[in-house]
Amino acid sequence: MQAIYNGVVIAESDSTIVVEGNHYFPPATVRGEYLAPSVSHTTCAWKGQASYYTLDVAGVQSNDGAWYYPRPKDAAREIAGYVAFGQDVTVQ
């Protein structure tokens, strides 16, 4: 699978984990130079608290365009630290 934003592959892996229709990429497969930490957080009843990144590729930004669960609840422990992407990113 590849995650593509603004024409650039920002993540690539053959071992994503699909949860609720979203592909979660292992952290080592995501190009960190395109991610900037966000102050945003949301809470999922069964996964726990999500943290966000703003994507920035060649000056084109997607605020909170990626998220991850640094310390998910037990039911979602397999995606700890894995990164998923929002609607602005094509995952194929």
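I began with a term: two strands pair if DSSP finds at least two bridges between them. Strands (E, at least two residues) and helices (H or I, at least four) are DSSP runs, numbered from the N terminus.

I noted the ground rules next. This is a predicted model, in which local features need pLDDT of at least 70, side-chain atom pairs count only at pLDDT 80 or more, and totals for chains, interfaces and linings use all residues. Residues are numbered from 1 along each chain as its sequence is written, and side-chain values use heavy atoms, with hydrogens and water left out.

**Entry: the chain as a whole**

I counted nine strands and zero helices. A compact globule of 92 residues would have a value near 12 Å, and the chain agrees because it has 12 Å. The C-alpha trace spans about 35 × 30 × 20 Å along its principal axes.

I then checked burial, where buried means under 20% relative accessible area, exposed over 50%, and partly exposed in between (1.4 Å probe, protein chains only). Buried residues are 43% of the 92 in the chain. For contacts (heavy atoms within 4.5 Å), I took those with a separation of 6 or more: 42% of them join residues 24 or more positions apart.

**Entry: the sheet**

I traced an open sheet of four strands in the order E5-E6-E7-E8, with antiparallel pairing. Its edge strands are E5 (35–44) and E8, each of which pairs on one side only. The twist averages 35° from one strand to the next; the axes behind it are lines fitted to C-alpha atoms, for helices over the stretch in contact, with angles from 0 to 180 degrees between N-to-C directions.

I followed E6 into E7 and found six bridges in the antiparallel sense. The two form a hairpin with two residues between them, and Ala 58 in the turn has a positive phi of about 55°. Val 57 stands opposite Val 60 in E7, and Leu 55 is opposite Ser 62 in E7. E7 and E8 also run antiparallel, joined by three bridges. There, Trp 67 stands opposite Ala 84 in E8.

**Entry: the cores**

Which residues touch the most other members of the largest nonpolar core? I found Ile 10, Leu 55 and Phe 85, out of 16 residues. Such a core is a set of buried Ala, Val, Leu, Ile, Met, Phe, Trp, Tyr and Cys residues joined through side-chain atoms within 4.5 Å. The elements giving it two or more residues are E1 (2–5), E2 (8–12), E6 (48–57), E7 (60–68) and E8 (83–85). E6 has the largest share, three residues.

I listed the contacts of Phe 85, leaving aside neighbours within four places in sequence; among them are Ile 10, Phe 25, Val 30, Leu 55 and Trp 67. Another core, of twelve residues, lies apart from the largest one and includes Tyr 24, Ala 50, Tyr 69 and Tyr 82.

Where does Thr 16 sit? I found Thr 16 in the loop between E2 and E3 (17–19). Not counting residues up to four places away in sequence, Thr 16 touches Met 1, His 23, Tyr 24 and Phe 25. Thr 16 and Ala 84 are 68 residues apart in sequence, yet 9.3 Å apart in space, C-alpha to C-alpha.

Definitions and conventions:
The radius of gyration is taken over C-alpha atoms; the globule rule is 2.2 Å times the number of residues to the power 0.38.
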